[in-house]
Amino acid sequence: GTDAFFIKVKLMQSVLADTDVCMIGFREAGTTQVTTTPATALTDYDHKALFGVQSNAGVNRLYSSTAAGADTSTTPTITPNVTATAVTWEVRVSAARVVTVYVDGVADALVTAAAITLTTGKVLVPHMIFISTGAGVEKVELLTYECGLL
């Protein structure tokens, strides 16, 4: 809990209408939960910063747990994802545990203004969730992946 770190992913979704969950970020180390919906992504882990698609319309959301231990859902300012269009997401956590989200290299203003601060003293690990229960042909293409210290 003393270093700044990040996860950065460039991905493309083939059919947004069939997306249930598509998220990247960090969660507390420990038992893996069976996240199946955006709602369970909010509650599955007590300590997290997960950014991704909230609905099959491509709308994005940040799910986090604050220093007070409360689960928080923050709506960013960015436009929704578009089917078959690559997007780069980045979740940064500063040494002070403040979360910043970048989409295509631009920091999201509403997430920045919320100054979401993660709980101290927790071990966080990189985490990605890609789920589709639709009958269509949804796939998430992971084009690039980076994770490390800032």
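Reader: Is Lys 122 buried, partly exposed or exposed, and at what relative accessibility?

Author: In this predicted model, Lys 122 counts as partly exposed, because its relative accessibility is 31%.

Reader: With which residue does Lys 122 form a salt bridge?

Author: The partner of Lys 122 is Glu 28, and the closest N and O atoms are 3.9 Å apart. The pair links distant parts of the chain, 94 residues apart: Lys 122 belongs to the loop between α2 (109–114) and β9 (124–131), and Glu 28 to strand β2 (residues 21–28). Glu 28 is also partly exposed, at 24% relative accessibility.

Reader: How many salt bridges does the structure hold?

Author: There are three salt bridges. In one of them, Asp 71 meets Lys 48 at 2.7 Å, N to O. Asp 71 lies in strand β5 (residues 71–74) and Lys 48 in strand β3 (residues 48–53), so this contact ties together parts that are 23 residues apart in sequence. Asp 71 is partly exposed at 36%, whereas Lys 48 is buried at 0% relative accessibility. Another joins Glu 90 and Arg 92 at 2.8 Å, N to O. Here Glu 90 is buried, at 7%, and Arg 92 is partly exposed, at 27%.

Reader: In what order do the strands of the open sheet lie?

Author: Strands of a sheet pair through backbone hydrogen bonds, in a parallel or an antiparallel sense. In this case, five strands form an open sheet in the order β8-β7-β6-β1-β10, with antiparallel pairing. The edge strands, β8 (106–107) and β10 (140–149), each pair on one side only.

Reader: Over how many bridges do β7 and β8 pair?

Author: Strand β7 (residues 99–103) pairs with β8 over two bridges, in the antiparallel sense. Val 103 has Val 106 in β8 as its bridge partner.

Technical notes: Residues numbered from 1 in each chain as written. Predicted model: local features only at pLDDT ≥ 70, side-chain atom pairs only at ≥ 80, totals over all residues. Heavy atoms only, no water. Pairing = 2+ DSSP bridges. Helix = DSSP H or I, 4+ residues; strand = E, 2+ residues; numbered from the N terminus. Salt bridge = Lys/Arg side-chain N within 4 Å of Asp/Glu carboxyl O. Buried < 20%, exposed > 50% of the residue type's maximum accessible area, 1.4 Å probe, protein only.
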